Amino acid sequence: MIKIENLTKIFRTEEVETVALDGVCLSVEQGEFVAIMGPSGCGKSTLLNIMGLLDNPTSGSYILDGEEVGHLKESQRTSVRKGKIGFVFQSFNLIDELNVEENIELPLKYIGVPQKERRERVVEILRRLELSHRAKHYPQQLSGGQQQRVAIARAVVMNPKLILADEPTGNLDSKNGLEVMQLLTQLNNEGTTIVMVTHSQRDAGFAQRIVNLLDGQIVPEARL
Amino acid sequence: MDVFRNILYMARRFKTATLLNLAGLAVAFAALFLFLTQVEYSASYNRGIPNAERIMRVETMMNGAPWNTNCCVPLLEVMMEMPEVESGTMFSYRGSTSEFYMGSTSVKCDWFGTRKETSLEPFGAVCLDGKLNWKDDTDQGVIIPASLAQRFLGTTMAAGHYLWTGKDSLQIIGVYQDFPDNSCVGNMIYSSLGGEGEHDFSEWSFKGYLRLHKTADVEAFRKEFSDKVRTIFRATIMAEYAEEYNNATPEQRAAIEQQLDSKIGPHNFRVTPLTETYFSGTDSGDRGNRIMHLILIWACILVVLVAAINFLNFTLAESPMRVKGVNTRRVLGSSLTSLRLGLIGETVVIALVAFLLGMFIVYLLTQWTAITTLVQGSIKLQDHLPLLGLTALVALAIGVVAGAYPAWFVTSFQPAMALKGAFGLTPRGRRLRTLLVSLQITISLVLATYIGILMLQSRYIYHSDYGFDKDELCYAALSQELLKKKDAIRTELLGMGGVEDVSYSAFALGSSTGYMGWGRAQGDKSVSFTSMPVDWHYLRTMGIKVIEGRDFNEHDSDCYIINEAARKRWTWVEMNKELIDGDLPVVGVCENVRYASIRQDRETDPVAFVIMGERYAAWGDRLGTLNVRLAAGTDKLALRKQIQGKLTEMGDGSTVEVHFLDEELEHLYQDEFRFIRQVILFGIICLIITLIGVFCLTMFETEYRRKEIGIRKVFGSTERQIVRLLTSRYLQLLLLAFVIAVPLAWYMGSQWLENFTERTMIHWWLFPLALILVGLVTLLTATIQGWRAATENPINSIKTE
């Protein structure tokens, strides 16, 4: 599903040039659950952003579903991303002004799902994630675990082929963290490909494969 | 030090918003100071005259007609003998505003006659050179103000020099210290009335002033004045009939007494202290308008309010960005009080910097000569130290108010939560901000509409029908030499290509605020009106339409054409019959013309154009003003030059000034135009400030929504959808504000228009026009900011709190 070859990302400012990714090669198969680990600043989130088409690499190739997407324009990236990739962030990133069901409904609006179908899919996902009683609540009225479940519901409501999770348990206690990981595992079991960035060995243990990054390069686990 | 560092940090981070906000505040403070000087000018009118509260203006009224300031000399003389009166004087207008020459210098100035014994003494005039009174009726010469002496000679020592009027040579016998600009005693040229009007109860064209003794009970005097004067009036006239009365039978005495009562009956008298005349509107020189004065006070308050709301919005909008920094200081040991005081200190410093900038703007304005078309009196900072202090206090208060709520808001979070970055605008704060934005947009809409109304009215006043063809007329004051050649002048001028008609009158219509007032009473009929002596060509030269009876013709002598207002008031009038018994006949009725202030109600003010014949032969030739009607489409400037040349050639060689009437009208209405300009300026300033506010708030709002925009983009929103999302919110607020603003603007506009007897209508298209203007600023800002945020890489905004 994902084939990355010799991917490089360099951040340039007036004075400093930072190599965030340095010749990364990575393949992820359909239905796989991959964890990316590494110390802070090693390039994990940069890689995830590029995989999620939120950013372009400086050089290299990124093939998603057989299509080269590494150097698309912003509008083209948005179009490819829509409905295909779901995101889960460490800090949830729910929109404060929208209630739970409106937050979940958001991606469906952007891919043009008719209102009736949107309602049905939101109700279904709320039921699946046991959030139906919170449908009208606003993010600030929920606990961290509940907010992350809403964020996951928002990521999966459009049935994406790929979910990218950036430290999804980073802001949660262990009990809520465990619940989130079980949820992601369940989604993976249903066929969704998941790529997750994490610091947690326990969370990484839920993945089928762990990729280690150090200084922008993929390294064998022994070097970490 | 932290206060200044923080201000500089925020200024660097939000350069445009900070600079615009500072500029808006500075302009608001400058405007506040200027408006306060204007309010002070009106409020202190006449108060610079010593003992103004004891100086009374005599006012009269006949048969329920409006109160006026016309009186006759014998009555004024006996009023001055009342025990409460310490001193008194009187004035009579000497004709149109005249040009006075000395050497190569010419100055335009009003010329009045005054009482020879006292002249300006009741007003506490200070003599700087020569003397300020005349010893007897043969004593000639004029007294002039120091400012005029300075202009002519560069010194106040002008006694003994001569002025040339174009007709006469006048010796300056005295120089008086100028009266304050904001007083009814004009700094004009005065000559002696001599014996003019003495013993003449029919000539009511004099204005009288009485100064009361310090010990006099002013209120009691005012209360009893009418009755006392009527008694004196009766006794004075009775004295004239004394012999006849003493020799009469009881029946004859009763008849005389009845005749006296019918003569005095319609007359009412009152006095008004100088401190109250400005707003009274009794005389055409009472330039004050209480509603305009109140509007200026409201302008001051509104400028302050708009500036305060704007500044509060600004500080409130940027406060969430301060939460983390401020609470870090709190964690590190800073007290809540010092943090709050620091935050308030920042806004106070910004407000005071804006105040200083504002005063610098005022200073720059004082260097700009055209400012006199905008303000009355001095606007120099040093002349208004209390107002300067007041403006500084207002700046301080705005600083405190704008800083207090944001300071409380920023420090209201638990420091631990704030440090984690889990903060944002609370729902209450968001509601408040939405309310403030809506308020700001509403104010902008109201002001934009209001300015539109002011501009329309201003345009209407200038272009509306004056009742005569002001655009094609010019006039000139004739010298004695030229007065003798009126027929020849007429023939010569009519021979010029482009001259359509020529006539003569006592006044140039619309070129003055003071005209001759006439009053007549006979039996139960009495009239009081503005008298305009003219020749028989006059109405057709001026383009004044006759609507009943007929126009004057060459055979007419001693007759009136009255205006519509007079016709309505004097219901008994019949064509070709005497106005009242023993008076001149009325031969026609003409349309009402505008001849004085814009606020003068031409629909109700009676005017009579009079041909003075045999009956007024003793008055001499009063028709000293030449009126020339030019053909439309001619080169007016060239023709004026040609007329000037011809008049100079036919006279004694002195240059004759020919003026365009439309230019003079603009001069006459300068108070009104100035007020309109002030209000328009005020409106534009407020509008700019509120639009700056709308711009800043939209900018901040977009800044806050950057993260939301990022999230939406991550989940598939296009840039257009994001821009539409942002602008649709403002569109909703705009429409809501529009619904509120329309009735408000309409009400304010119609209240203001009430000041004018002739006014423009409030056109419906003003409202959508205001919506388009404010909408453009709002939506354009929202679109630009929204587009900027929408095209940003979403991962940058998602990471930020």
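**Reading aromatic rings in a predicted model**

A: In this predicted model, the charged end of B:K486 sits over the ring of B:Y504, at 4.9 Å from the ring centre.

Q: Which ring has the charged end of B:R729 over it?

A: That ring belongs to B:Y730, and its centre is 5.9 Å from the charged end of B:R729.

Q: What describes a pair of aromatic rings?

A: Two values are used: the distance of the centres and the angle of the planes. Over all chains, the count of aromatic pairs comes to 20. Take B:F91 and B:Y190: the ring centres are 5.6 Å apart and the planes stand at 45 degrees, so this pair is tilted. An angle under 30 degrees would count as stacked and one over 60 as edge-to-face.

Q: Where in chain B do B:F91 and B:Y190 lie?

A: B:F91 is in strand β2 (residues 85-93) and B:Y190 is in strand β10 (residues 189-192), so the pair ties together parts that are 99 residues apart in sequence.

Q: Is B:F91 buried or exposed?

A: B:F91 has 8% relative accessibility and therefore counts as buried, the cut-off being under 20%. B:Y190 is buried too, with a relative accessible area of 2%.

Q: What are the distance and angle for B:Y176 and B:F179?

A: This aromatic pair is tilted, with 5.8 Å centre to centre and 45 degrees between the planes. Both B:Y176 and B:F179 are buried.

Q: Which residues do ring pairs link into a cluster?

A: The cluster holds B:F91, B:F123, B:Y176, B:F179, B:Y190 and B:Y209.

Technical notes
Residues are numbered from 1 along each chain as its sequence is written. Chains are lettered from A and ligands numbered from 1 in the order in which they are written. This is a predicted model: local features need pLDDT of at least 70, side-chain atom pairs count only at pLDDT 80 or more; totals for chains, interfaces and linings use all residues. Side-chain values use heavy atoms; hydrogens and water are left out. Rings of Phe, Tyr and Trp (its six-membered ring) pair if their centres lie within 6.5 Å; planes under 30 degrees apart count as stacked, over 60 as edge-to-face and the rest as tilted. Helices (H or I, at least four residues) and strands (E, at least two) are DSSP runs, numbered from the N terminus. Buried means under 20% relative accessible area, exposed over 50%, partly exposed in between (1.4 Å probe, protein chains only). A charge sits over a ring if NZ of Lys or CZ of Arg is within 6 Å of the ring centre and within 35 degrees of the ring normal.
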